Amino acid sequence: MKVEVQILIFVFACVCLYFARATTPWGPVKEKPKHKPNATLVCEGETKWINCKIGYHLKIHDVFWGRNDKTTCPTAPPSLQTDKMCKTNAAKNLKKVRDACIDEEGKPRRFFEIPGSVKFFGFYPNCQEVFKYAKVKFSCVRDDEKSKKKTGK
């Protein structure tokens, strides 16, 4: 009986060590993202708020403005098309939203209203007659994380 218990303890210890290495037979275990990514969609002519709870601020990961499929935002005004695709300047759009998520004091905002408009994202001739939409990927980052990175704590 003592030998069986010792074998059982040995096997249990091996299993614990195995998972402590954070690997599986198929490779390393992927770490969970530090910040849960969110995404929101805003059809042209609409606005939508993105926000974080108190103590967190917005971090914008990606912005798409244009049209890359026929099914997203399918109900367009008669003057705009949903079957024609168009892309705009992704880097410019990302910068525009990131800049808008910083307040007058240079601090990151906790919330922001995304305007689905040409006035905000800019005019693109190849998208002139296309019903566009914005897809914004963001996360909420703890306010003190930014200061921890700067101070190294």
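**Entry 1: aromatic rings.** I began with the ring pairs, which link Trp65, Phe112, Phe120 and Phe121 into a cluster. A note to myself: this is a predicted model. I then asked how many aromatic pairs there are, and the count is five. I looked at one of them, Phe112 with Phe120: the ring centres are 6.2 Å apart and the planes meet at 45 degrees, so I wrote this pair down as tilted. Are Phe112 and Phe120 buried or exposed? I found both of them buried.

**Entry 2: a charge at the ring.** I stayed with Phe120 and found Lys96, whose charged end sits over the Phe120 ring, 5.7 Å from the ring centre.

**Entry 3: the largest nonpolar core.** This core has 22 residues. Which of them touch the most other members? I listed Ile50, Leu58, Ile60, Val63, Val97, Phe112 and Phe121. Next I checked where the core residues come from: strand 5 (56–67), helix 2 (90–100), strand 7 (111–115), helix 3 (118–121) and strand 8 (133–142) supply at least two residues each. Strand 5 gives the most, with five residues.

**Entry 4: another core.** I also noted a second, separate core of six residues. Cys43, Phe64, Cys73 and Tyr133 are among them.

Terms used:
Residues are numbered from 1 along each chain as its sequence is written. This is a predicted model: local features need pLDDT of at least 70, side-chain atom pairs count only at pLDDT 80 or more; totals for chains, interfaces and linings use all residues. Side-chain values use heavy atoms; hydrogens and water are left out. Rings of Phe, Tyr and Trp (its six-membered ring) pair if their centres lie within 6.5 Å; planes under 30 degrees apart count as stacked, over 60 as edge-to-face and the rest as tilted. Buried means under 20% relative accessible area, exposed over 50%, partly exposed in between (1.4 Å probe, protein chains only). A charge sits over a ring if NZ of Lys or CZ of Arg is within 6 Å of the ring centre and within 35 degrees of the ring normal. A nonpolar core is a set of buried Ala, Val, Leu, Ile, Met, Phe, Trp, Tyr and Cys residues joined through side-chain atoms within 4.5 Å. Helices (H or I, at least four residues) and strands (E, at least two) are DSSP runs, numbered from the N terminus.
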